[in-house]
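Colleague: Could you show me how to read the aromatic rings and the strands of a model, step by step?

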Amino acid sequence: MSDASARVVDVFREFGGESLRDVWVFDQRANDSLYVRDDVSTALDSVDVSRFIDNERYGYVTRHTYEALYYADYSYTVRGFDSFVQFRTFVGPHPVGILAGFDRIGEGRDFAQLDEAVQRLGDELDLSRLLPTVVDGASDGH
């Protein structure tokens, strides 16, 4: 894992501790997992991850829609599932999406605080460098 990848995962691990399930980066053409907990990796074996990430790419459109409809800037999305919560945000001038899952816990979490930490890291690092290079629609694996 590169130093930049480790720094991204550390932000999420500091926020969620042992409940961190996975961390992904994506743009409109490529994606990569930065961290996947072993039990989550097993569960993902039965899921088409590319379709899952493609669905998250709709965020490139919806974030602009939200900003046009509301009087405040869009920051992040949190979705609740029966066994986990999913956080998604976009970082940088040529936005890179970051998606992370956390086990559900009884107490609330301050996702605005997480988004601020991720945005600060995005100000320091070019997160697009974490993505594999795509040539003619196929990833070269970095």
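**Rings and strands**

Modeller: R13 lies over the face of Y35, at 4.8 Å from the ring centre; a charge is said to sit over a ring if NZ of Lys or CZ of Arg is within 6 Å of the ring centre and within 35 degrees of the ring normal. This is a predicted model, in which local features need pLDDT of at least 70 and side-chain atom pairs count only at pLDDT 80 or more, while totals for chains, interfaces and linings use all residues. Residues are numbered from 1 along each chain as its sequence is written, and side-chain values use heavy atoms, with hydrogens and water left out.

Colleague: How many aromatic pairs does the structure hold?

Modeller: A pair of aromatic rings is described by the distance of the centres and the angle of the planes. Rings of Phe, Tyr and Trp (its six-membered ring) pair if their centres lie within 6.5 Å, and planes under 30 degrees apart count as stacked, over 60 as edge-to-face and the rest as tilted. The structure holds nine such pairs. In one of them, F15 and F102 have ring centres 5.4 Å apart and planes at 70°, so the pair is edge-to-face. F15 belongs to helix 1 (residues 3-16) and F102 to strand 5 (residues 96-103), so this pair ties together parts that are 87 residues apart in sequence; helices (H or I, at least four residues) and strands (E, at least two) are DSSP runs, numbered from the N terminus.

Colleague: Is F102 buried or exposed?

Modeller: Buried means under 20% relative accessible area, exposed over 50%, and partly exposed in between (1.4 Å probe, protein chains only). F102 has a relative accessible area of 0%, so F102 is buried. F87 and F111 form a stacked pair, 5.9 Å centre to centre with 15° between the planes, and both of these residues are buried. Ring pairs link F12, F15, Y76, F87, F102 and F111 into a cluster.

Colleague: Which residue of strand 5 does F87 stand opposite?

Modeller: Two strands pair if DSSP finds at least two bridges between them. Strand 4 and strand 5 pair in the antiparallel sense over eight bridges, and F87 stands opposite A100 in strand 5. Strand 3 (residues 76-80) is joined to strand 4 by five bridges, and these two strands also run antiparallel, with F87 as the bridge partner of V78. Seven of the eight residues of strand 4 are buried, so strand 4 is largely enclosed by the rest of the structure.
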